[in-house]
Amino acid sequence: EIPVTSSITVNSIIAVEGDGPVEEGDDGVVKYSSAHITPVESEVVVRSNHSTQGNPRTIEEVRRVLRLHAGSK
């Protein structure tokens, strides 16, 4: 429930295990409903457990966001 100041651009990567509805899922530690915040520039759900940093989809999304903001200061 802590608001993010409007001067910060937010991009979310949320891990959800299994094939069920994302909105009802979790990563084994954090529920999607807790990880999902608004407003965000982008939100990507990766079907993964909590340690998603090694997942190829997660890595690609981090690269995309870094490239997108590389020129921003």
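In this predicted model, a nonpolar patch on the surface is formed by Val4, Ile8 and Ile37, which together have about 230 Å² of accessible area. Val4 belongs to the segment before strand 1 (11–16). The relative accessible area of Val4 is 42%; because buried means under 20% and exposed over 50%, Val4 counts as partly exposed.

A further local feature concerns a peptide bond. Thr38 and Pro39 are joined by a cis peptide bond, with omega at about -5°. Pro39 is placed in the loop between helix 1 (32–35) and strand 2 (42–47). In general, most peptide bonds are trans.

The chain as a whole may now be described. Its secondary structure consists of two helices and two strands, and these elements follow the order β-α-β-α from the N terminus. Of the contacts between residues at least 6 apart in sequence, 52% join residues at least 24 apart.

The table lists values for the whole chain.

| Property of the chain | Value |
|---|---|
| Span of the C-alpha trace along its principal axes | about 40 × 30 × 15 Å |
| Share of buried residues among the 73 residues | 25% |
| Accessible surface | about 5,400 Å² |
| Part of the accessible surface belonging to carbon and sulfur atoms | 52% |

Charged side chains complete the description. The chain carries 7 positive and 11 negative side chains. The centres of these two sets are 11 Å apart.

Note on methods: Residues are numbered from 1 along each chain as its sequence is written. This is a predicted model: local features need pLDDT of at least 70, side-chain atom pairs count only at pLDDT 80 or more; totals for chains, interfaces and linings use all residues. Side-chain values use heavy atoms; hydrogens and water are left out. Patches are made of residues with over 30% relative accessible area and no salt bridge: like charges are joined within 9 Å, nonpolar side chains (Val, Leu, Ile, Met, Phe, Trp, Tyr) within 5 Å. Accessible areas come from the Shrake-Rupley method with a 1.4 Å probe; for residues, only the protein chains shown count as cover. A salt bridge is a side-chain nitrogen of Lys or Arg within 4 Å of a carboxyl oxygen of Asp or Glu. Helices (H or I, at least four residues) and strands (E, at least two) are DSSP runs, numbered from the N terminus. Buried means under 20% relative accessible area, exposed over 50%, partly exposed in between (1.4 Å probe, protein chains only). Contact means heavy atoms within 4.5 Å. Lys and Arg count as positive and Asp and Glu as negative; His and the chain ends are not counted. The place of a charge is taken as NZ of Lys, CZ of Arg, CG of Asp or CD of Glu.
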